[in-house]
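Morning, everyone. Let me put the next structure on the screen, and then I'll walk you through it.

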Number of protein chains: 2
Amino acid sequence: MISTSLQPLPGFRDLDPDKYALRAYLSRTWRSVAERYGFVEWEGPTLEPTELYLKKSGGELPTQLFRFSDQGGRDVSLRPELTASLGRIVAANYLSYNKPLKWFEIGSCFRYEKPQKGRLREFVQFNADILGEGGAEADAELLALAIDCMRALGLGASDFVVRVSDREAWLSFATRHGLTPEQTPDFLAVVDKLERDRPEVSEQKLAALGISRESVMDFIQNPPNDVSPRYETVLAELQARGLAEYVQLDLSVVRGLAYYTGLVFEIFDKAHSLRAVAGGGRYDDLVSTLTDGSLSMPATGFAMGDAVIAHLIEECPSARVLRDAALAPRSCDVYLALAAAEMRPQMLLLASTLRDAGVRVDLPLSTVKLSRQLRHAERLGATYTAIIGAEFPSIELKRMATRESEKLTLEELICALIPHRAAN
Amino acid sequence: MISTSLQPLPGFRDLDPDKYALRAYLSRTWRSVAERYGFVEWEGPTLEPTELYLKKSGGELPTQLFRFSDQGGRDVSLRPELTASLGRIVAANYLSYNKPLKWFEIGSCFRYEKPQKGRLREFVQFNADILGEGGAEADAELLALAIDCMRALGLGASDFVVRVSDREAWLSFATRHGLTPEQTPDFLAVVDKLERDRPEVSEQKLAALGISRESVMDFIQNPPNDVSPRYETVLAELQARGLAEYVQLDLSVVRGLAYYTGLVFEIFDKAHSLRAVAGGGRYDDLVSTLTDGSLSMPATGFAMGDAVIAHLIEECPSARVLRDAALAPRSCDVYLALAAAEMRPQMLLLASTLRDAGVRVDLPLSTVKLSRQLRHAERLGATYTAIIGAEFPSIELKRMATRESEKLTLEELICALIPHRAAN
């Protein structure tokens, strides 16, 4: 029976080492793929002036903020996403950076939403952005990165799909149908909800704008051939990379946030039984908005959270195998067991020597029977146990998996263990 | 001229990739040493019920909280430190863990203090704890870890010192001088401030407790031989490991927080010109406090922040050299330059092939003159540039440091680059 006061807040997570291992695996994979793509890591503050988010985002984000007054009376918020800080930092140091920038961040974000499957109040987001390139080739580079992150996690074309859309296609649709620029955001909001709203509801909302639901559905289902030249470029770039099978044009995707300006995309599990795994797109106006128009910089980016992807991995056998291999406990290369108390100084010196050489060593921190030490070594997942007894410097080295053991001199032991670690 | 609205909040940091590299270096080093010591990583929530900190800590911590009501009316705080969450998690899952636990965390903490050198409102803390072992051997293991973290950063015995003290020595001093248990915390608070308060102030405070400042100073300067059996054990354990030169007994250290119970320590730069680099000690009562006495678990731990250590590294040549080597930009193994636009698909396929093999590849994302591409490759710190032109699949590979270049076939190029990355 656990006292409620020992629980984390609703929507927040206690990651003990067993649970943390999954987060570490995701971060390691994201980082490694991003680095192969030439992206470099950055980190912004966890807390920002609330103004930053009100300036940037329309939509529901402002209502989901962990927002408060700090002790100095500042109106501050825990970051709900990472792009606003990115825009702020790039705008503040505009001249000192070589363009294009290819930056990524892995960090906690906070939204006050109802906790449910794949949705938490504190979650980790992997964010990758290219700033200073306006062409569709940059969108393609970003899409390729997103796809390769999925592939690196063991997910294939039968597991997920990248649905790509183009806001500009919708803007010309809106113009052709006589909408004013003021009406366009409302119109996009209706399109964004098409899949979730009941048909009658969408129909009514669209009628108020003078547009038939039929014409919208037809535009989505039978898009004109030349609807998005940008998408054509992206497709060609992905084809050349061997990654075209992962994407499809899907104009029903428009992304909620008001600040997207061009190509947008979302990654879904193939069965579409989960929320979006990742989403992003082009946001060419952010730097300009943050600097009241005095600077301008094209930009494109995406974010992938750690919650939905964890569910998708669980559902895909090939991804599950990779994950389980990465999560197997291997925190200890060798456990030094002490069979003769008077040899403790010798054991400690050996521990220092091995640790200095990069071997992961554990050892008893109080007087414990040898059998209990061996059991503890087993639970730690130690590869070896070295038994230091009265016959030191002769040492028994036991391979835990096979129970094989051999008598070694101190020098032989050190030689046996140091390359083991280096080979990992 | 940067608009104030583009600045982070006071005491918060914008870490662009150049600045982030230092944080990554510290985290990498802490993680690597902790793993060699058999510690495993965990992560708690950034936000906790405020009650958790009020329960745990006396001292000034409660006045420094970023504390607010969330949208559900909960009294919550950004974590000012990591140990309270650790105690909570361990208490909640008490039975499911094998003891002893050796856990570490690297995460952001928040304190509303006046920002100054080595003191920020958001900082990163490396926290390492051993739970479930009450003996001084566990304190020694932890001290050895702290020392080896310093050593791994290039800091030696001439750069820092670990000042170790024992609260129990002070408790018996207090008893011998007739203090009641209620008076003891006030007494320890005076001792804690001895170095910072003017002598008259300490004298007056101590007189109110019926103790002369002289007797306290004498106890610190000439501690009795048997003042701390625990320290004797720690010293013997560190001697056996070859690490005794880094520590000294210094009873003037008592640590501010009320919850410490036994050995405590602080790491200072040798010149003592900076704030403490790290601090910690034994806190055997935390789990009991959090469970209102229903569970109990001995514990010892320490924390090292990222701000003071960064200043110390800057002041020590050997540490500076290691840091600079780790921070040198090497985000790109090969830049693929495009000299003939029609070869873009071939370039993209080559990029995919190399990236799949783990090579860090960058490439042009728009049509740019070759000379500008080469300049960009140089700024990225690319090791190689491969020039893809009309004569593809013959490719010119240029080593950027030496300007040497050679003509290779596609296969030769791939063979030349893949082992390069693997060797890194």
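Start with the domains. Chain A is assigned two: domain 1 covers 4–325 and domain 2 covers 334–423. Those bounds come from an automatic or database domain assignment. The C-alpha centres of the two domains of chain A sit 49 Å apart.

Some housekeeping. This is a predicted model: local features need pLDDT of at least 70, side-chain atom pairs count only at pLDDT 80 or more, and totals for chains, interfaces and linings use all residues. Residues are numbered from 1 along each chain as its sequence is written, with chains lettered from A and ligands numbered from 1 in the order in which they are written.

Now chain A overall. Its C-alpha atoms fill a box of roughly 90 × 55 × 50 Å along the principal axes. Chain A has 15 helices and 16 strands. Those are DSSP runs, numbered from the N terminus: helices are H or I with at least four residues, strands are E with at least two. Of the 424 residues in chain A, 45% are buried. Buried means 20 or more other C-beta atoms within 10 Å of the residue's own; exposed means 12 or fewer; partly exposed is in between; C-beta atoms are placed from the backbone.

On to the interface. Contact here means C-beta atoms, placed from the backbone, within 7 Å. Ala, Val, Leu, Ile, Met, Phe, Trp, Tyr, Cys and Pro count as nonpolar, Asp, Glu, Lys and Arg as charged, and the others, Gly among them, as polar.

From α13(A), the contact uses Arg344(A), Pro345(A), Leu348(A), Leu349(A), Ala351(A) and Ser352(A). From α9(B), it uses Glu237(B), Ala240(B) and Arg241(B). That contact has five nonpolar, one polar and three charged residues.

Last stop, chain B. Lys369(B) lies in the loop between β13 (361–362) and α14 (370–379). Buried or exposed? Lys369(B) is exposed, because it has 10 C-beta neighbours inside 10 Å. Its C-alpha is 8.6 Å from that of Leu338(B), 31 residues away along the chain.

Technical notes: Contact = placed C-beta atoms within 7 Å.
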